[in-house]
Number of protein chains: 4
Amino acid sequence: MSMNSFGHLFRVTTWGESHGPALGATVDGCPPGVPIEPEMLQIWLDKRRPGQNKNMTQRNEPDAVKILSGVFEGQSTGTPIQLMIENTDQRSRDYGDISETFRPGHADITYWQKYGIRDYRGGGRSSARETASRVAAGGVAREAIKAIAPGVEIKGYMVAMGEMEIDRSQFDWDAIDQNDFWIPQGSEIAQDWENYLQDLRKSHDSVGAIVEVVARGVPAGIGAPVYNKLDTDLAAAMMSINAVKGVEIGEGMSAARLRGTDNADEIFMGANGPEYGSNHAGGILGGISTGQDLVVRFAVKPTSSILSPRRSIRKDGTPIEVITKGRHDPCVGIRAVPVGEAMMACVVLDHLLLHRGQVGANRGHIG
Amino acid sequence: MSMNSFGHLFRVTTWGESHGPALGATVDGCPPGVPIEPEMLQIWLDKRRPGQNKNMTQRNEPDAVKILSGVFEGQSTGTPIQLMIENTDQRSRDYGDISETFRPGHADITYWQKYGIRDYRGGGRSSARETASRVAAGGVAREAIKAIAPGVEIKGYMVAMGEMEIDRSQFDWDAIDQNDFWIPQGSEIAQDWENYLQDLRKSHDSVGAIVEVVARGVPAGIGAPVYNKLDTDLAAAMMSINAVKGVEIGEGMSAARLRGTDNADEIFMGANGPEYGSNHAGGILGGISTGQDLVVRFAVKPTSSILSPRRSIRKDGTPIEVITKGRHDPCVGIRAVPVGEAMMACVVLDHLLLHRGQVGANRGHIG
Amino acid sequence: MSMNSFGHLFRVTTWGESHGPALGATVDGCPPGVPIEPEMLQIWLDKRRPGQNKNMTQRNEPDAVKILSGVFEGQSTGTPIQLMIENTDQRSRDYGDISETFRPGHADITYWQKYGIRDYRGGGRSSARETASRVAAGGVAREAIKAIAPGVEIKGYMVAMGEMEIDRSQFDWDAIDQNDFWIPQGSEIAQDWENYLQDLRKSHDSVGAIVEVVARGVPAGIGAPVYNKLDTDLAAAMMSINAVKGVEIGEGMSAARLRGTDNADEIFMGANGPEYGSNHAGGILGGISTGQDLVVRFAVKPTSSILSPRRSIRKDGTPIEVITKGRHDPCVGIRAVPVGEAMMACVVLDHLLLHRGQVGANRGHIG
Amino acid sequence: MSMNSFGHLFRVTTWGESHGPALGATVDGCPPGVPIEPEMLQIWLDKRRPGQNKNMTQRNEPDAVKILSGVFEGQSTGTPIQLMIENTDQRSRDYGDISETFRPGHADITYWQKYGIRDYRGGGRSSARETASRVAAGGVAREAIKAIAPGVEIKGYMVAMGEMEIDRSQFDWDAIDQNDFWIPQGSEIAQDWENYLQDLRKSHDSVGAIVEVVARGVPAGIGAPVYNKLDTDLAAAMMSINAVKGVEIGEGMSAARLRGTDNADEIFMGANGPEYGSNHAGGILGGISTGQDLVVRFAVKPTSSILSPRRSIRKDGTPIEVITKGRHDPCVGIRAVPVGEAMMACVVLDHLLLHRGQVGANRGHIG
């Protein structure tokens with residue numbers, strides 16, 4: 001029962017602080033024979049890396065991942081895969097003044113209250129930098145999924161950022177990779193988002209966002225009925241990402257406003273099995289996949305590291321106004337996109353493996 | 001790694017189908033010396049029980065819980081507590097016609113696709129009846145919390161049902177137990193909700209809802225930083241309840257619209273420790289409790305068991321129109337209130353116990 | 001992380017005290033579609049049941065197992081199987097005098113020191129009666145193994161009891177079920193064992209024993225390399241049985257006296273794959289099965305419940321001489337035979353399922 | 001459910017192959033505030049390191065441990081501690097010829113049968129080199145135990161090696177650290193052992209051994225009653241060490257020959273609580289510690305890597321005679337001593353932490 005692990009058969013344990021020598025992920029349960037090279041993981045780390053564009057913090061780390069174990073001659077062996085990312089650009093002096101103060105909206109105060117000790121340099125373990133480890137592990141999961149369920153495609157994108165919101169009637173799957181916000185819209189819209197964010201940055205403020213992650217081609221029948229449901233595990237995976245405050249499957253919170261006559265996705269017999277008239281369910285019924293797109297959304301709060309002063313206290317209880325200098329994203333939602341994809345990949349792989357252990361192969365034939 | 005369990009040190013495994021001889025919960029990890037009598041659990045089961053009022057299904061089961069182990073002379077012994085609820089009013093003939101068809105919005109089809117066999121009587125394991133086991137286990141958790149952290153109070157209430165929504169400016173904590181909807185509003189408002197729901201029932205429809213659960217008096221410092229965060233475990237706990245499609249902590253999905261200057265809860269030094277100017281965080285920072293109210297919300301979809309016909313298929317792939325007869329709630333949100341409370345109690349107790357194992361006692365002094 | 005559970009994908013949680021209303025096992029992870037009827041489990045419970053012959057305690061309980069969930073129309077559904085055995089012959093007055101004293105060699109004192117409360121009636125949770133739950137769960141495992149790996153045969157037998165020891169040169173597999181001691185020897189030898197045990201009983205004493213359990217036909221390749229090895233899990237499973245003080249795989253403790261030239265089992269190519277010149281390894285290399293017989297042995301200590309007085313203390317620290325009246329086996333090894341078989345069945349099934357989740361199917365071809 | 005992890009609240013995951021870039025341990029659940037410096041861990045690694053004396057393999061690696069996370073300013077923070085040991089002396093050409101053959105008594109064949117791929121260089125993951133990671137993690141456990149239960153002392157020693165056996169009447173606790181075999185005997189006896197082992201080496205053979213590990217000063221009341229018993233976890237911990245074939249607690253396998261009148265340790269009231277007339281139980285009753293010395297023994301088989309030819313097969317099924325060249329210990333028992341100590345430390349710490357989570361503090365007063 002590791003507090004720093006997630007997954008059942010595909011189990012990832014992340015370790016490391018933002019300003020220690022390195023951080024990484026211990027990945028256990030990757031099936032043998034999966035082709036894995038550092039470049040296959042690096043592509044996703046590069047997507048998450050700070051300093052890529054002007055909407056992200058300017059901390060320029062190469063975030064180069066090393067594979068220390070579990071891969072032999074380019075293939076996984078079935079033993080633990082250790083992924084390490086060295087911290088090369090630490091500049092810890094930026095953060096030294098927070099050792100005695102608690103930044104509002106940060107975990108500074110709760111880490112102190114729980115442990116009585118904290119690595120205050122850059123947030124330590126609570127830094128968003130921890131998510132680099134997740135992205136590396138997600139890269140392994142993606143390769144394993146390819147080997148086991150070749151048709152699966154996983155993609156994340158932003159759907160809202162502060163007052164900005166995508167227009168679903170103009171949804172463009174191919175545009176996602178063409179802009180800095182990973183939005184499924186044309187470049188003009190992306191420019192609007194950029195202007196909005198730059199204004200925020202200039203006003204020393206930050207803003208929240210909503211990210212949606214979709215997995216297409218997941219076979220029907222993976223998941224579990226009551227506690228380790230596919231939706232339960234997805235909710236936990238997304239909620240475990242820094243700054244996430246809400247998680248939705250399919251219709252999500254809006255399901256509360258629907259009527260039963262609208263919400264139930266009608267079923268039809270298609271050429272290759274059951275098809276559905278709609279996907280309010282987000283691809284999951286009773287914790288088990290239907291074969292439709294898995295659709296998960298999560299909201300990230302605005303980063304609390306802002307240049308505007310907020311009232312707080314010091315460790316000794318005296319009041320202080322806190323301004324967080326340093327390099328911080330005005331919207332962490334952008335970088336949360338590849339993190340959400342990584343978590344989706346880990347959960348889908350885990351349940352593909354679990355299904356084989358639980359059942360062996362899909363059992364119920366239809367038609 | 002039981003797929004039918006949740007919790008770490010306080011671990012609950014539920015078992016049983018809606019129309020089998022019995023269902024229940026195996027509760028492991030309750031500390032010794034906690035006073036437990038069947039009546040202490042029954043009070044919560046009675047709150048959840050169908051047939052209490054006309055807004056619930058008219059299945060009249062006493063839902064009497066029996067304690068088969070782990071309690072000796074009225075006190076927990078530290079060994080597993082087996083809670084059993086016998087199914088006395090099964091009327092399984094109501095459900096016999098669904099053995100070959102899949103109800104839209106139900107787990108019928110995914111159970112079949114996964115397992116190739118399902119107990120179709122009343123939904124079997126996927127029935128909301130499973131939540132009775134959770135409520136019984138939650139009763140044990142409540143008693144253990146009393147012994148360990150006496151000031152904690154846990155209460156759930158509905159905040160929305162279809163088009164109805166509570167008025168937070170008129171929030172009345174004491175009114176919650178005075179009406180059939182567990183809403184924090186006066187009886188006139190409750191009457192409006194009732195009229196709305198009766199109209200829906202008459203139109204052979206159902207509706208979704210949002211439930212909010214609050215835990216007051218939870219000490220600062222419980223939780224964990226990265227994966228088994230307090231908010232992660234709460235999200236998983238709530239998402240695991242039947243029909244839930246979204247979970248929010250504190251500000252929830254709305255955090256996406258906030259700016260950093262609004263969202264960060266400012267900190268002040270109070271007489272008994274840190275105090276906060278607001279609670280956008282829902283009582284959790286970095287996965288660890290702040291000492292503020294824990295605030296969780298979840299949305300339940302409208303029940304799919306309705307008298308209006310929906311298109312679907314039979315196991316052989318042929319089309320069919322499905323009408324679900326039988327006794328079904330037009331809004332499962334009402335009964336989800338005590339279930340959400342039970343899940344909150346289980347998670348809070350679990351993290352209280354974990355904190356002792358992780359740290360021993362709160363370590364970081366402030367002031 | 002339930003303290004009362006074992007297994008990974010096939011996970012068994014036992015519950016119940018010797019003198020409570022019932023005890024049983026919550027069995028999670030049984031694959032769907034396995035034929036299960038109470039009689040299939042009862043046969044093993046009858047083998048373990050006290051009162052069968054004069055070498056066992058005369059507590060006459062039918063030990064009838066009821067299946068409360070997870071089985072529908074005679075087949076497992078993939079959901080938790082709840083097995084309940086009601087306690088019908090409790091006679092708790094026999095044990096009342098031990099509430100304030102600690103029996104030497106019993107868990108009375110350590111339960112008290114840990115929990116500050118104990119169900120002293122008949123040993124409560126520490127009673128050998130707990131193993132009835134294991135035997136019932138093992139019956140489920142046996143049926144699931146039949147479905148997944150049809151050729152597997154599991155059999156236990158005694159190899160030593162005090163000064164008595166089997167003659168391996170006269171090993172008779174078919175004789176095991178023909179005598180009250182489950183020894184692989186002819187009936188004359190069994191008569192010698194019986195005389196020996198009756199003499200012990202008359203002298204108000206008890207004696208230890210060694211049980212060996214063999215699994216034949218287990219496919220090569222199940223297990224795991226480092227921690228949850230097949231041998232590790234078998235060692236834990238057997239050591240968890242009441243009164244067990246030692247566990248051996250293959251050569252066991254005697255491996256210490258062997259030389260490398262003797263110990264390494266030579267490999268030859270047979271008609272159906274690799275064959276071995278010997279089985280010092282007990283069917284396991286590096287935590288993974290070789291396809292040879294799995295061979296596990298465990299030693300049980302003599303029961304501490306004897307009519308001869310032993311010195312001890314009361315809860316208040318004053319000295320006392322303890323004589324344990326009541327119905328107790330002079331050698332618990334006899335009843336440990338079906339318990340060891342049940343644990344073997346659970347571990348083998350668990351690793352068969354795990355292998356599918358880890359790898360999918362055997363991967364490495366030889367020849 | 002990581003297959004490469006052990007422990008409940010103090011959870012260690014080892015990773016790495018003998019000839020990859022590095023190996024190590026991810027240590028989760030170390031309490032905060034424990035002083036940890038690399039030198040505190042290095043002392044134990046040096047004890048285990050090959051090449052120290054002529055009874056060990058002459059592979060000269062410094063085995064220097066690096067702490068990559070979880071320690072800040074010399075103290076644990078409560079977050080995962082990553083321990084890395086780089087492989088500097090790999091000489092992989094020694095092992096190249098085994099890629100197509102299976103060494104008898106090795107895991108070569110089972111890894112292949114399970115995974116269809118193996119890192120054959122030096123045994124890969126099945127190499128005894130994996131135990132360096134355990135020893136490093138055990139060093140962390142030792143420091144945490146000091147902070148939580150200061151009086152605990154853990155020591156291992158050899159009690160048998162082939163035909164050599166210690167004389168318990170001459171047991172000398174202080175002599176253990178004075179000789180190359182960690183035997184509790186004078187230097188003359190150690191010289192006999194050395195002569196015996198050198199003769200074996202010259203005859204191109206190897207031999208097994210028995211190691212005993214004792215933990216003194218462990219408080220009464222830690223452990224659990226049925227499955228994750230203290231003795232169960234110790235048995236699993238020791239059986240998981242490479243080459244171990246048997247594990248004993250207290251009287252061990254010999255308990256089979258004892259009578260109840262001899263075996264039950266009589267209890268007396270001492271000045272500081274209960275005392276016992278003997279310790280057949282090895283410090284554990286019903287899975288829970290008595291406060292007496294915890295006594296565990298395990299047998300290691302003779303190393304299979306010997307210069308004498310043994311018959312085997314190639315991957316293609318053709319016969320071959322295998323001689324294992326390279327640097328191998330004639331008795332791996334010597335190096336197993338610090339490994340056994342490390343496992344004992346991990347299990348004791350884990351149950352000390354668990355006890356706090358289960359119960360809070362010892363509950364039952366005696367006297």
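In what sense do β1(C) and strand β2 (residues 11-16) of chain C pair, and over how many bridges? The two strands pair in the antiparallel sense over two bridges. The model is predicted, and local features need pLDDT of at least 70, side-chain atom pairs count only at pLDDT 80 or more, and totals for chains, interfaces and linings use all residues. Residues are numbered from 1 along each chain as its sequence is written, chains are lettered from A and ligands numbered from 1 in the order in which they are written, and side-chain values use heavy atoms, with hydrogens and water left out.

Strands (E, at least two residues) and helices (H or I, at least four) are DSSP runs, numbered from the N terminus. Two strands pair if DSSP finds at least two bridges between them. In the pairing of β1(C) with β2(C), C:Ser5 stands opposite C:Thr13. Both strands belong to an open sheet of five strands in chain C, ordered β1-β2-β3-β7-β4. Its pairing is antiparallel. The edge strands are β1 (5-6) and β4, and each pairs on one side only. Helix α1(C) packs on this sheet and touches β4 and β7 of chain C (contact means heavy atoms within 4.5 Å). The direction of α1(C) makes about 155 degrees with that of β4(C).

Helix α1 spans residues 38-48 of chain C.

Strand β11 (residues 244-249) of chain C has six of its six residues buried, so it is largely enclosed by the rest of the structure. Five bridges join β11(C) to strand β16 (residues 294-300) of chain C, and the two run antiparallel. There, C:Val244 stands opposite C:Val300. Three bridges join β11(C) to β11 (residues 244-249) of chain D, again antiparallel. The bridge partner of C:Gly246 in β11(D) is D:Glu248.

Chains C and D also meet through helix α5 (residues 230-239) of each chain. The axes (lines fitted to C-alpha atoms over the stretch in contact) come within 8 Å and cross at roughly 160 degrees, on a scale from 0 to 180 degrees between N-to-C directions. The helices are therefore roughly antiparallel (over 145 degrees). C:Asp231, C:Thr232, C:Ala235, C:Ala236 and C:Met239 meet D:Asp231, D:Thr232, D:Ala235, D:Ala236 and D:Met239.

Conventions. Buried means under 20% relative accessible area, exposed over 50%, partly exposed in between (1.4 Å probe, protein chains only). Angles under 35 degrees count as roughly parallel, over 145 as roughly antiparallel, 65 to 115 as roughly perpendicular and the rest as oblique.
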